[in-house]
Amino acid sequence: MQKDFLWGGAVAAHQFEGGWNEDGKGPSVIDVLTAGANGVPRRLTDKIEPNEFYPNHEAIDFYHHYKEDIALFAQMGLKCFRTSIAWTRIYPKGIEEEPNEAGLKFYDDMFDELLKYGIEPVITLSHFEMPLYLAKEYGGFRNKKVIEYFVKFAETVFKRYKGKVKYWMTFNEINNQMDTNNPLFLWTNSGVTLAPDESAREVLFQTAHNELVASAKAVIVGKQIDPEFKIGCMVSHVPIYPYSCDPMDMQVAQEAMHERYFFPDVQVRGHYPNYAKKEWERQGYNLDITPEELALLKQGTVDYIGFSYYMSTTVKAGAKNDNLETTTNGGMENAVENPYIKSSDWGWAIDPVGLRYTLNNLYERYQKPLFIVENGFGAVDQLEADGTIHDQARIDYLTAHIKEMQKAVDYDGVELMGYTPWGIIDLVSFTTGEMKKRYGMIYVDRDNEGKGTMKRYKKDSFAWYQQVIKDNGIKP
Ligand code: BG6
């Protein structure tokens with residue numbers, strides 16, 4: 001890989017920080033999600049209920065362990081560290097005139113600690129977090145006022161951390177909400193819930209538009225504050241394969257890919273794609289989109305495409321999938337199992353070649369630098385009596401993916417900025433709220449019920465990744 005390749009690790013504030021109500025932090029949309037399990041959806045409570053267990057409230061308590069954890073990241077040799085800023089630490093309700101100084105200071109300290117070891121912060125502005133207040137009182141990103149609150153938050157942190165943070169992304173996996181069958185996604189992306197009589201698609205596109213304008217405005221403001229900033233989008237990229245070479249399978253797969261491309265098409269190219277405009281026309285959607293906003297979308301395009309890659313999906317014309325709420329089929333009713341691919345215990349298809357395919361697809365479509373900001377293997381790990389954890393399956397998964405990534409760069413010529421495997425330290429799972437679905441190279445002693453010492457242990461993958469970084473890749 002190139003000399004300045006950003007080998008790193010990724011996490012998100014709400015999944016690892018804990019300290020959910022400390023030093024002035026307000027509740028966010030994630031703080032009202034209970035724990036689920038594999039196949040059991042997380043529940044959204046109306047407010048914080050005293051008798052419910054909310055796994056993100058304490059998470060792995062990075063808030064009080066950050067020095068120890070960053071020292072471990074440094075030992076691993078990370079060149080960069082991707083995390084997010086909890087909007088509610090800075091603006092607890094989202095509407096305050098002045099930011100919360102204690103929240104700002106926490107991130108100052110964290111960035112200083114990273115920079116002390118030469119670790120470059122890579123920061124997502126909103127990783128499934130907005131103040132609960134904005135979701136409840138304003139309807140989240142349905143409401144255009146929330147655009148201004150988001151931009152104010154972005155401006156505050158851009159100004160404060162200029163000189164410390166260079167790499168930014170606006171919204172994490174902004175395209176998850178294309179799947180309106182699973183209420184988790186509209187809620188965590190945008191603070192939106194649907195009423196039974198509403199057209200989910202129409203609400204989605206209005207919300208999406210408002211959020212795309214917020215993203216574009218943040219890019220514009222960020223570039224004014226520091227033209228050296230690199231500001232990207234962040235999408236979940238699950239490539240969709242046709243089940244066969246039947247032209248009808250090819251066609252449904254191509255059409256389904258529009259669900260993946262809708263957001264980056266706008267964030268990278270600066271305008272709405274025709275397939276979306278045709279859908280709006282066909283369905284008679286009444287969207288509030290002004291010419292001024294369209295001009296902002298054109299101006300506020302991103303510098304790079306950050307994306308997560310975990311798995312692929314397969315579709316078949318005419319197939320009927322009744323289980324639309326699962327997270328693995330992307331809410332697609334014609335999704336079928338791919339007979340060539342095995343899955344993790346959580347049903348996520350393990351497909352390393354799909355990563356090379358994705359890198360090529362995205363690069364050919366957009367010709368912008370790419371950044372793999374999430375990839376990883378969620379699995380149960382066994383802490384042995386001697387404090388070791390033998391996570392060979394994770395090492396195998398990551399090795400296979402890194403090899404495919406290297407082919408995309410060395411053989412295909414894709415421009416790639418870096419690679420930050422997900423959950424470099426164990427954290428709370430987003431879709432299930434479990435602790436036992438672990439991704440880390442550092443084990444954290446905490447279980448699904450929130451019990452454990454919070455002690456950190458190195459897994460076998462720790463030394464393995466340390467070597468990969470030292471060697472700047474894996475030999476073919
Ligand atoms: C991505 C998210 O969807 O995948 C992360 O950006 C999430 O927040 C990760 O944790 C893995 O998903 P899960 O459900 O296994 O935690």
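Two strands are said to pair if DSSP finds at least two bridges between them. Helices (H or I, at least four residues) and strands (E, at least two) are themselves DSSP runs, numbered from the N terminus. The structure described here is a predicted model, in which local features need pLDDT of at least 70 and side-chain atom pairs count only at pLDDT 80 or more, while totals for chains, interfaces and linings use all residues. Residues are numbered from 1 along each chain as its sequence is written.

As a reminder, strands of a sheet pair through backbone hydrogen bonds, either parallel or antiparallel.

Strand E7 (residues 304-308) is joined to E10 by 4 bridges, and the two run parallel. Gly306 has Phe371 of E10 as its bridge partner, and Phe307 has Ile372 of E10. Strand E11 (residues 416-419) is joined to E10 by 2 bridges, again in parallel, with Leu370 opposite Leu416 of E11. E10 is mostly covered, as 5 of its 5 residues are buried. A residue counts as buried if 20 or more other C-beta atoms lie within 10 Å of its own, exposed if 12 or fewer, and partly exposed in between, with C-beta atoms placed from the backbone.

Is Glu374 buried or exposed in the model? Glu374 is buried, because 24 other C-beta atoms lie within 10 Å. Leaving aside neighbours within four places in sequence, Glu374 is in contact (C-beta atoms, placed from the backbone, within 7 Å) with Ala10, Ser308, Thr420 and Trp422.

The nonpolar cores come next. A nonpolar core is a set of buried Ala, Val, Leu, Ile, Met, Phe, Trp, Tyr and Cys residues joined through C-beta atoms within 7 Å. The largest one has 126 residues, and those with the most contacts inside it are Ile85, Phe307 and Leu370. Helix H8 (residues 200-225) gives the largest share of this core, 10 residues. Apart from this core lies another, of 8 residues, among them Tyr241, Ala253, Met332 and Ala335. Beyond its neighbours within four places in sequence, Phe307 is in contact with Met234, Val235, His237, Leu362, Leu370, Ile372 and Val373.

The model also holds an open sheet of 3 strands, in the order E6-E8-E9 and with mixed pairing. Its edge strands, strand E6 (240-242) and strand E9 (335-336), each pair on one side only. E6 and strand E8 (residues 313-315) are joined by 3 bridges and run parallel, and Tyr241 stands opposite Thr314 in E8. Helix H9 (residues 247-269) lies across E6 and E8, running at about 170° to E6.

Ser461, Phe462, Tyr465 and Val468 are buried. Seen down the axis of H14, these residues fall within an arc of 125°, so they line one face of the helix; the arc is that of the directions from the helix axis to the C-beta atoms. On the other side of H14, Gln467 and Lys470 are exposed. The buried residues of H14 pack against helix H2 (62-76), helix H13 (392-410), strand E12 (442-444) and strand E13 (456-458). Asn472, which follows H14, has a positive phi near 55°.

Two further residues with positive phi deserve a look. Ala59 has a phi of about 45° although it is not a glycine, and lies in the loop between helix H1 (13-16) and H2. Ala59 counts as buried because it has 28 C-beta neighbours inside 10 Å. Asp61 is placed in the loop between H1 and H2, and its phi is near 55°. Asp61 has 16 C-beta neighbours inside 10 Å, so it counts as partly exposed.

How values were computed: Contact = placed C-beta atoms within 7 Å. Axes fitted to C-alpha atoms, helices over the stretch in contact; angles between N-to-C directions.
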